[in-house]
Amino acid sequence: MIKGNYLNIFSSLLITLFSFNVGLLKAQTASFTTIPAALNGTINVCAGSTILFNSTVNPSSLFSPAVYSWNFGNGQTSAIPGPIGITYTNPGTYTVTYNISSAGTDLTQTSVTVNVSAAPAIIPIVGPGNTYTQMTVVNGIPVYQASSS
């Protein structure tokens, strides 16, 4: 009788721990970063631009098996956490979704909107032939300015 009671208590404890861990997973979000960074859930780029996507979920917080699922909205998908470079060649609006399943339980899905505008008709030429070119770095991004004399 005593062994039976210990077994029932132990079983109840395991079920409680499992339920608690699954509850923690459901509260976790499948989060990611992008370069260029999203602003208010949106990334704006020109056609031909590549965006770098990378999961920010700590793999040690997941239970096996962890399944990663990206849908980049342009027909491309991936099953790795990243980093993943995706090039958007056509103008349009794309929804990128990221989901992780950990031990069969889905985390909260995250998405971002990618607005792709047409590439510029004329790409500026920067080089030794343009003696009036000035380069300034703004937030780590080189910005070129040219003026005529």
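Predicted model: local features only at pLDDT ≥ 70, side-chain atom pairs only at ≥ 80, totals over all residues.
## Getting oriented

The protein has one helix and eleven strands. Reading from the N terminus, the order of elements is α-β-β-β-β-β-β-β-β-β-β-β.

The protein has 149 residues, and buried residues make up 22% of them. It exposes about 9900 Å², of which carbon and sulfur atoms supply 61%. If you look at contacts between residues at least 6 apart in sequence, 57% join residues at least 24 apart.

## A three-stranded sheet

Let us start with an open sheet of three strands, arranged in the order S1-S3-S6 with antiparallel pairing. S1 and S6 are the edge strands, each pairing on one side only. On average, neighbouring strands of this sheet are turned by 25° against each other, direction ignored.

The pairing of S3 with S6 is antiparallel and runs over five bridges. To find one of them on your screen, go to Ile-51, whose bridge partner in S6 is Ile-86.

## The largest nonpolar core

The largest nonpolar core has 23 residues. Those that touch the most other members are Phe-53, Trp-70, Phe-72, Tyr-88, Val-96, Ile-100 and Val-114. Six strands each supply at least two residues of this core: S2 (42-46), S3 (49-55), S4 (66-71), S6 (84-88), S7 (92-102) and S9 (110-117). S7 gives the most, with four residues.

Leaving out residues up to four places away in sequence, Tyr-88 touches Phe-53, Phe-72, Val-96 and Val-114, among others. The list of its contacts also includes Cys-46, Ala-47, Gly-48, Ser-49 and Ile-51, as well as Asn-74, Tyr-94 and Val-116.

Ser-78 sits in strand S5, which covers residues 77-78. Is this serine buried or exposed? Its relative accessibility is 17%, and buried means under 20%, so Ser-78 counts as buried.

A polar atom of the Ser-78 side chain lies 3.4 Å from the backbone nitrogen of Ile-80. Beyond its neighbours within four places in sequence, Ser-78 is in contact with Tyr-68, Ser-69, Trp-70, Phe-72 and Ile-84.

## Thr-29 and Thr-110

Thr-29 lies in the loop between helix H1 (2-27) and S1, and Thr-29 is partly exposed, with a relative accessible area of 34%. Apart from neighbours within four places in sequence, Thr-29 is in contact with Val-57, Leu-107, Thr-108 and Thr-110. From C-alpha to C-alpha, Thr-29 and Ile-100 are 8.5 Å apart in space, although 71 residues separate them in sequence.

Thr-110 belongs to strand S9. A polar atom of its side chain lies 2.6 Å from the backbone oxygen of Ala-30. Not counting residues up to four places away in sequence, Thr-110 touches Thr-29, Ala-30, Ser-31 and Phe-32, together with Val-96, Thr-97 and Tyr-98.

## Backbone details in the loops

Where can you find cis peptide bonds? One joins Ile-35 and Pro-36, with omega at about 5°. Another runs from Gly-82 to Pro-83, with omega near 5°. Pro-36 is in the loop between S1 (32-35) and S2, while Pro-83 is in the loop between S5 and S6.

Asn-40 has a phi near 55° and lies in the loop between S1 and S2. At 75% relative accessibility, Asn-40 counts as exposed because exposed means over 50%. Ala-103 also has a phi near 55°, and its place is the loop between S7 and strand S8 (105-106). Ala-103 is partly exposed, with a relative accessible area of 34%.

How values were computed:
Residues numbered from 1 in each chain as written. Heavy atoms only, no water. Buried < 20%, exposed > 50% of the residue type's maximum accessible area, 1.4 Å probe, protein only. Polar contact = N/O pair within 3.5 Å; in protein donor to acceptor, adjacent residues only side chain to side chain. Contact = heavy atoms within 4.5 Å. Core = buried A, V, L, I, M, F, W, Y, C linked by side-chain atoms within 4.5 Å. Areas by Shrake-Rupley, 256 points an atom, 1.4 Å probe, with all protein chains shown as cover. Pairing = 2+ DSSP bridges. Axes fitted to C-alpha atoms, helices over the stretch in contact; angles between N-to-C directions.
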